[in-house]
Amino acid sequence: MSDVAHEEHVHESTGVETRKLAMWVFLSSEFMFFGALITNYLLFKGRVGYTAPYPAEIFDIPFTSVSSFVLLMSSLTMVLADHAIHRDDQRSTRTWLIATALLGMVFLAGQAYEFTTFVVDEGMKISTNPAASAFFTLTGFHGTHVLVGVIMLLTLVGISFRKGRLSTATGLNLENVALYWHFVDIIWIVIFTVVYLIK
Amino acid sequence: MATPASPASTIFRRPRQTSGWMSWITTVDHKKIGIMYGYSAFIFFILGGLEALILRLQLAGPDGTVLDAAEYNAMFTMHGTTMVFLFVMPVGAAFFNYLLPLMIGARDVAFPRMNALSFWIFIFGGIFLYSSFLFGTTGPPSGGNLPGGATDASWLGSTINGGWFMYQPNAGPRFSTGTVLDYGAIGLQILGLASLISAVNFIATILNMRAKGMKLLRMPVFIWMTLVVAFLLLFSLPIIAVALFMVTFDRQLGTLFFDTFQGGDAVLWQHLFWLFGHPEVYILILPAMGIVSETLPVFSRKPLFGYPAVVFAGAAIGFLGFGVWAHHMFSSGITPVAQAAFGLATMTIAVPTGIKIFNWLGTMWMGKIKFTTPMLFSLGFVALFVIGGLSGVTHSIVPADWQQTDTYYIVAHFHYVLFGGAIFGIFAGLYYWFPKLTGRMMSEKLGKLHFWLMFIGMNLTFGPMHWLGLQGMVRRTWKYPAEYNFGTWNMVVTVGAFIIASSILVFMLNWTKSKRRGVEAGMDPWDARTIEWSIPNPTPEWNFGVNPDVHSLDDWWHRKYDEDEDGRPVRRPDADSTIAQFHDQGVNPPAPIHLPTPSYFPFFAGASFLAVGYGVIYHTRGWGLPLLIFGVVLLLSSLIGWSLEPLEEEHEEVHA
Amino acid sequence: MAGAQTKAHPSPKQYVQIAVLLAVLTAVEVALYYIEEAGVSEIVVYPTLIILAILKFVIVVAFYMHTRYEKGIISRFFTVGFVGALMLYTVVLGTFGVLSAIGG
């Protein structure tokens, strides 16, 4: 039904499908968003002399490395879902979508656990010092983006059950959700290096 | 009545109304959305103007008693916030929405429902912001000076009061208790989201939905300016979004970003704000520059001089606009190296601006000028913007700026470029495109009266501010003592402000009269150049009866006129029949046309932000958190419902 | 839609190989972190970490996000957004003296 492409007035002057173009346009603005958050952290992390502890002192690198690995692998499952739908393999698409959502939720669980240990065990809350404020805000927004991604993935899964099939033409389309998902992953690549690994 | 697609496709039946208020709530038609933006923006213009008049009453003489300090702070804050975010930006959106598809030959924008969403987020954001008058509290001021020892301001003062720029930590939790600044931060956040969504929409539309033959360098300059503005919005809004989140978190969650007592940084706010704030002022002026680039050629009966240069200059202004933000911070303690660098960068922006000015002059040179109302406003734009630009360049000289900053000299500068520039350009556009909207012409007599009253009033209001500022009259201060001898010129300023107000009344009279009883415009009343004039007036619902086939820049003009050996236009013998033919195919489209179907979801998604906003501010009260959760749930379910809904119902057709 | 992409895609097998590469790079990064803790100079470790991050970043963007197989306009949006953000925020940090602090 919505798959009927109204060819007579859907033309693409750039040759790129309009929704994909729009998603890239949006993602290019997200660089400015996360750039500001990362800049904040870089600015504040060197400010000591206030209430301890500071984020850099209490990171659990092994734990976060595993989280990062999980998110990286979710990009793999995501691209496999994308590949499957281009082959019109509904079953595999659904499987890989669910896998991606699950890995995303594991990542989020890891973040939640990490935050809880920081607050409860280490005594670093968002209001403890500016570095902590910046850290929680940055990773919190990243986590929120992951959550939104998971919701979109689960919506796609829901659509695939309800309508019996997903196609590349529906409004909320897998290809664009995939772009969003990978973007969230590459932001984490930057955060992991710049915030966690470089002290 | 169309048959909806399979019953499982939507949760609710699609709205079908074509008239009445429900049709406006569910519309996804760019023209209706543009009209809603326009009227809403105008209402806010009146409110912002009233706020200005109150300020001017207070400052008309020394030691004014009309407002107390708290009320003054609130009024100047709301005046600025309203004019920038609730008038100039939305009226720009009104023009973009209405005209963009018409000028590139499309039926609608790339994402019609998202377009409606932008409008509803804007209007609910504006309502949220203004509800601070009703619900906002200022709390006990720190070291306050409220008369009679009051701990809360009067209703006039109980609104956003930290300046439109909300400098930290003054506007943070330590020094501004109460809720008004939460309304400010959250309200702006909501408004920013609306503009960001629009920006993505317009970029996708301009890049992908141009008619056949409408190459990028054949687009009207107004559309190029729309594109540059969209990119400015795209890259600057995320920065202010982060800054507003930071201040909201400082106020609600106890973060320490801007609390200088605990390691926070006040200057960081200024950087983040002005990183957005400077591109923002180009967002405010470029649409008007685009409008004037359309009207000057039409009323000089000459093509725009140096079209590629004007386009390139616009893009350059946008690009350079990201590199000059710290010129708002010359006296905030940044290093001399930074000051020199930003001063230099600011000077360079004068170059592309100058290119545009000279090209506009070149357009008019040796042209056959018609002094219609839109032309008068366009000429006013050029003259007044140059004055504002010149004072702007004086700010780029850092030591001079140390003297000028925070005085009325700066107020003079930005009002010349924003009022003399943006607002004159906006009125030029309103008079020029009124026939497209209504099929009628506005009254030339009333239009000219409006222009002259506004021109005189504007110069009386903002001219004296130049020397008042250099004499030392400080900004953002609620009164001045008699010994400074500022009283005489301030009285002139106040009189000027009321003259401006009277000119607005003339405009409103003109608009309402002409809508009903203006002279009928017919097709192409201005003998214009661009393709939005190749369709009937008022614009049919489907825009173009036949998709345009564009052969050149100013395609419509070239269908009516050839050029002789001297380059002068010669009307083609078949011009009249061309016009008639385009009129007929516009009124009677030869083939069925599919239009996007209306939808409820943008309205509900937009409304959910009200719940979210109030929920965040009052989350510590019993009902606050549930309200927040309700807002989030409403938003999510609207978005999910939207994603299940096809853009167009099958078999939905529109016939003449 | 699918028609917009003109070049061949990687196969699932290649996607998995890329994922393995990404995992290896991550492992190297973590190893470097501990090497630095053990006393190797930051001047060696930090630039290497940044290079590795850039590598992972580019690989995901080029292959998983398909930019390698898309029309050029996509890469241009990406580059403008990314480079623009990088430049702008570098200037901001510069005005705070953070960059000299990091370098020192």
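Tutor: Let's start with contact: two residues are in contact if their C-beta atoms, placed from the backbone, lie within 7 Å. This is a predicted model, where local features need pLDDT of at least 70 and side-chain atom pairs count only at pLDDT 80 or more, while totals for chains, interfaces and linings use all residues. Residues are numbered from 1 along each chain as its sequence is written, with chains lettered from A and ligands numbered from 1 in written order.

Student: Which residues is Ala106(B) in contact with, leaving aside neighbours within four places in sequence?

Tutor: Pro101(B), Thr205(B), Met209(B) and Ala211(B). Ala106(B) sits in the loop between helix 3 (69–104) and helix 4 (112–130) of chain B; helices here are DSSP runs (H or I, at least four residues), strands are E runs (at least two), and both are numbered from the N terminus.

Student: Is Ala106(B) buried or exposed?

Tutor: Count other C-beta atoms within 10 Å of the residue's own: 20 or more is buried, 12 or fewer exposed, and in between partly exposed. Ala106(B) has 24, so it is buried. Its C-alpha atom is 38 Å from that of Met78(B), 28 residues away along the chain.

Student: How many helices and strands does chain B have?

Tutor: Chain B has 19 helices and two strands. Its radius of gyration is 25 Å, close to the 26 Å from the globule rule for 656 residues, so chain B is as compact as a globular protein of that length. That radius is taken over C-alpha atoms, and the rule is 2.2 Å times the number of residues to the power 0.38. Buried residues make up 55% of chain B.

Student: At what angle do helix 4 and helix 5 of chain A pack?

Tutor: Two packed helices are described by the angle and the distance between their axes. Helix 4 (residues 90–121) and helix 5 (residues 130–162) of chain A pack at about 155°, with axes 9 Å apart. Axes are lines fitted to C-alpha atoms, for helices over the stretch in contact, and angles run from 0 to 180 degrees between N-to-C directions. Helix 4 and helix 5 of chain A are therefore roughly antiparallel (under 35 degrees is roughly parallel, over 145 roughly antiparallel, 65 to 115 roughly perpendicular, the rest oblique).

Student: How many residues of chain A are in contact with chain C?

Tutor: In chain A, 38 residues are in contact with 40 residues of chain C. Helix 3 of chain A gives the most to that side of chain A, with 12 residues.
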